[in-house]
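Q: Each label used for a structure rests on a cut-off. Show the sequence and the model, and the labels can be checked one by one.

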Amino acid sequence: MRSYLKHYIGGEWVESEGGTRHDVINPATEAPVTEITLGSEADADKAVAAAKAAFDSFSRTSVDERVALLEAILAEYKNRAGDLADAIAAEMGAPISLAKTAQVGSGIGHLMSTINALKAFEFSEQIGQSLVVHEPIGVVALITPWNWPLNQIVAKVAPALAAGNTMVLKPSEEAPGSAAIFAEIMDKAGVPAGVFNLVQGDGPIVGTALSRHRDVDMVSFTGSTRAGIQVAKNAAETVKRVHQELGGKSPNVILPGADLSRAVQVGLFSVVMNSGQSCIAPARMLVHESQAAEAAQIASGLMKAVETGDPAQEGRHIGPVVNKAQWEKIQGLIRKGMEEGAKLETGGPGRPDGIETGYFVKPTLFSGVRNDMTIAREEIFGPVITIIPYRDEEEAVRIANDTDYGLSAVLFGSPEEVKRVAPRLRAGMVYINGGQPDPSLPFGGYKQSGNGREHGKFGLAEFMEVKAMVGALA
């Protein structure tokens with residue numbers, strides 16, 4: 001069993017003050033795989049104090065110094081890539097092949113993108129006889145989820161550090177091992193004491209302590225909309241900045257001019273690749289009613305071919321979902337879809353055939369879904385896809401936008417169709433005809449999917465204040 005019972009505070013690994021021991025369960029075996037200490041409010045206070053003490057000196061470092069530091073972090077991150085992948089596979093169930101590539105690779109992409117953005121960023125601008133400058137915000141609290149643990153950690157830590165801030169990271173207690181290894185990377189890379197701090201813990205105690213703390217100047221949170229609302233309420237007491245990337249219920253809008261087979265395949269793969277546990281997963285497949293039956297036939301064949309298996313083994317299979325609570329939620333939603341009259345094309349309740357242990361979900365496809373059904377409204381966060389037919393382009397746009405969320409959308413169609421429809425989709429990102437996420441492009445959503453943007457120069461700007469120095473050049 002991996003053991004990470006200490007927090008990383010002020011450049012040292014320290015014992016918790018009043019924390020409690022916690023076992024992390026391997027979702028494939030249902031056995032403990034990692035032990036950590038869930039921190040206390042006192043641990044959070046200590047970490048914030050360390051970050052506050054380090055801010056004055058670190059905020060005055062040069063761009064060249066911060067670029068060199070990020071490059072050192074990148075080099076050590078690559079050295080530990082295997083350890084990071086092993087931790088992710090064991091704790092949240094991503095197959096090791098995916099953990100080594102997309103999961104760990106996302107952190108490399110964000111470090112490289114941030115380095116490039118920092119080198120090119122204009123920190124000052126002359127307007128008349130005055131100067132407008134970008135400055136670090138101060139102490140930032142970073143609260144990250146379990147589904148893409150390193151993606152979200154590095155997408156926050158890298159720009160926060162690049163901007164000259166100091167920080168406290170609270171990763172998910174479901175996938176804490178990669179965060180602990182990341183702290184070791186930061187230490188080995190020579191990050192000054194107090195600039196980066198790690199406190200393991202849960203949301204109700206450590207998350208609440210950080211979001212309420214009067215010496216925390218900003219909270220960057222990724223997680224559920226429900227939890228994000230609570231973070232915002234906690235932060236409101238001290239009027240700190242709150243940056244959030246929350247839930248999603250993304251559509252895959254397939255217009256009549258699209259290559260139907262490719263559009264179905266690409267959209268389906270985007271959902272199942274992380275066992276459906278991606279906030280941008282386009283789980284609502286919108287197809288013209290004249291093509292709905294053909295789309296269901298194509299998707300059904302593809303879903304039946306998806307294999308589930310041991311995340312410790314190399315291969316193209318998918319792994320389990322993260323824990324028992326998530327598995328039970330997904331099972332309930334699958335049953336709800338059946339009860340509400342959606343047609344079950346393949347999959348359904350229970351574990352895949354031949355699997356008796358672990359939180360594995362059958363790759364499940366529903367057709368004939370209406371957008372008012374529960375499975376079309378709620379974020380399922382599992383390998384479940386719903387095919388929703390539409391009559392015409394207007395109805396396709398209306399259904400796509402008929403959601404509380406607006407994180408992303410996928411769109412397939414002819415150039416003319418895309419030109420008409422893409423601007424009308426209410427989402428922060430629209431992936432067109434197979435376009436893939438890019439760490440230099442802005443990432444974030446509309447409506448209850450959050451506010452603010454991450455990645456590249458856009459993420460860097462989020463971690464800065466803007467100051468007008470009036471008459472400075474007179």
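Q: Why is Lys100 called partly exposed?
A: Its relative accessible area is 45%. Buried means under 20%, exposed over 50% and partly exposed in between (1.4 Å probe, protein chains only), so Lys100 falls in the middle class. This is a predicted model, in which local features need pLDDT of at least 70 and side-chain atom pairs count only at pLDDT 80 or more, while totals for chains, interfaces and linings use all residues. Residues are numbered from 1 along each chain as its sequence is written, and side-chain values use heavy atoms, with hydrogens and water left out.

Q: Where is Lys100 placed, and which residues does Lys100 touch?
A: Lys100 is in helix H4; helices (H or I, at least four residues) and strands (E, at least two) are DSSP runs, numbered from the N terminus. Leaving out residues up to four places away in sequence, Lys100 touches Ala85, Gly105 and Glu314, where contact means heavy atoms within 4.5 Å. Lys100 and Leu84 are 16 residues apart in sequence, and their C-alpha atoms are 8.1 Å apart in space.

Q: What makes Ser278 buried?
A: Ser278 has a relative accessible area of 9%, and therefore counts as buried. Ser278 belongs to the loop between H9 and strand S14 (284-288). Not counting residues up to four places away in sequence, the contacts of Ser278 are Asn147, Trp148 and Phe381.

Q: Why is Thr20 called partly exposed?
A: The relative accessible area of Thr20 is 45%, which means partly exposed. Thr20 lies in strand S4 (residues 20-26) and touches Ile36, Thr37 and Leu38, not counting residues up to four places away in sequence. Its C-alpha atom is separated by 24 Å from that of Leu150, 130 residues apart along the chain.

Q: How do you know that the protein is divided into domains, and where are the bounds?
A: The domain assignment gives domain 1 (2-246) and domain 2 (251-432); such bounds come from an automatic or database assignment. The C-alpha centres of domain 1 and domain 2 lie 31 Å apart. Their contact takes 23 residues from domain 1 and 25 residues from domain 2.

Q: Why is the second largest pocket said to lie between domain 1 and domain 2?
A: Domain 1 and domain 2 both give residues to its lining, so the pocket lies between them. A pocket is an open set of points on a 1 Å grid over the protein atoms alone, with protein on both sides within 12 Å along at least five of seven lines, whereas a cavity is a set where a 1.4 Å probe fits but cannot get out; lining residues have an atom within 4 Å of a point.

Q: How much space lies in the second largest pocket, and which residues are the closest to its centre?
A: About 470 Å³, a volume being the space filled by probe spheres set on the points, which are joined across faces, edges and corners. Of its 17 lining residues, Phe269, Val272, Arg316, His317 and Ile318 are the closest to the centre. Helices H4 (96-120), H9 (260-272) and H10 (292-305) are the elements that give two or more residues, and H9 gives the most, with four.

Q: How many cavities of 30 Å³ or more does the structure hold?
A: There are two. The largest has a volume of about 100 Å³ and is lined by 14 residues, among them Ala281, Ala283, Glu379, Ile380 and Phe381, which lie nearest its centre. Of its 16 lining residues, the closest to the centre are Pro251, Ala400, Tyr405, Ser408 and Arg426. Helix H13 (393-401), strand S18 (405-406) and strand S19 (408-412) are the elements that give two or more residues to that lining.

Q: What makes Asn433 and Lys447 stand out in phi?
A: Asn433 has a positive phi of about 50° although it is not a glycine. Lys447, also a residue other than glycine, has a positive phi near 50°. Asn433 lies in the loop between strand S20 (429-432) and strand S21 (446-447), and Lys447 lies in strand S21. Asn433, at 32% relative accessibility, counts as partly exposed, and Lys447, at 37%, counts as partly exposed too.
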